[in-house]
Amino acid sequence: SIAQPNVQKKRIFSRSLNQMVRLQIATSAIRDMEHMGGFDHFILNQDDKVLSKRALAVKLRIKKKIGSNNK
């Protein structure tokens, strides 16, 4: 049998959005996130194809926020 990822419901802080974001996320992804230096950096570097609709919406919000800060 194929091992299922350990998925947990988590509230993760987004520095860019300055708020908590609720996502279902694998514990392996949480470790990767900490290794990469935070949630925002992690999600912006993920391929859209591997993200859920909810995670993709958060990614777009972060991109918009970062874009508006650079102007």
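Asn 18 is exposed, with a relative accessible area of 61%, where exposed means over 50%, buried under 20% and partly exposed in between, for a 1.4 Å probe and protein chains only. The residue is found in the loop between strand 1 (7-14) and strand 2; helices (H or I, at least four residues) and strands (E, at least two) are DSSP runs numbered from the N terminus. Although Asn 18 is not a glycine, its phi is positive, at about 55°. Most residues other than glycine have a negative phi.

## Basis of the values

This is a predicted model, in which local features need pLDDT of at least 70 and side-chain atom pairs count only at pLDDT 80 or more, while totals for chains, interfaces and linings use all residues. Residues are numbered from 1 along each chain as its sequence is written, and side-chain values use heavy atoms, with hydrogens and water left out.

## Salt bridges

The structure holds two salt bridges, each defined as a side-chain nitrogen of Lys or Arg within 4 Å of a carboxyl oxygen of Asp or Glu. In one of them, Lys 59 pairs with Asp 48, the closest N and O atoms being 2.6 Å apart. This pair links distant parts of the chain, since Lys 59 lies in helix 3 (residues 53-69) and Asp 48 in the loop between helix 2 (39-44) and helix 3, eleven residues apart. Lys 59 counts as buried because its relative accessibility is 4%, whereas Asp 48, at 38%, counts as partly exposed.

Lys 49 and Asp 47 also meet through their side chains, at 3.6 Å from N to O. Here Lys 49 counts as exposed at 73% relative accessibility, and Asp 47 as partly exposed at 41%.

Leaving aside neighbours within four places in sequence, Ile 25 is in contact (heavy atoms within 4.5 Å) with residues including Val 7, Ile 12, Ile 30 and Met 33.
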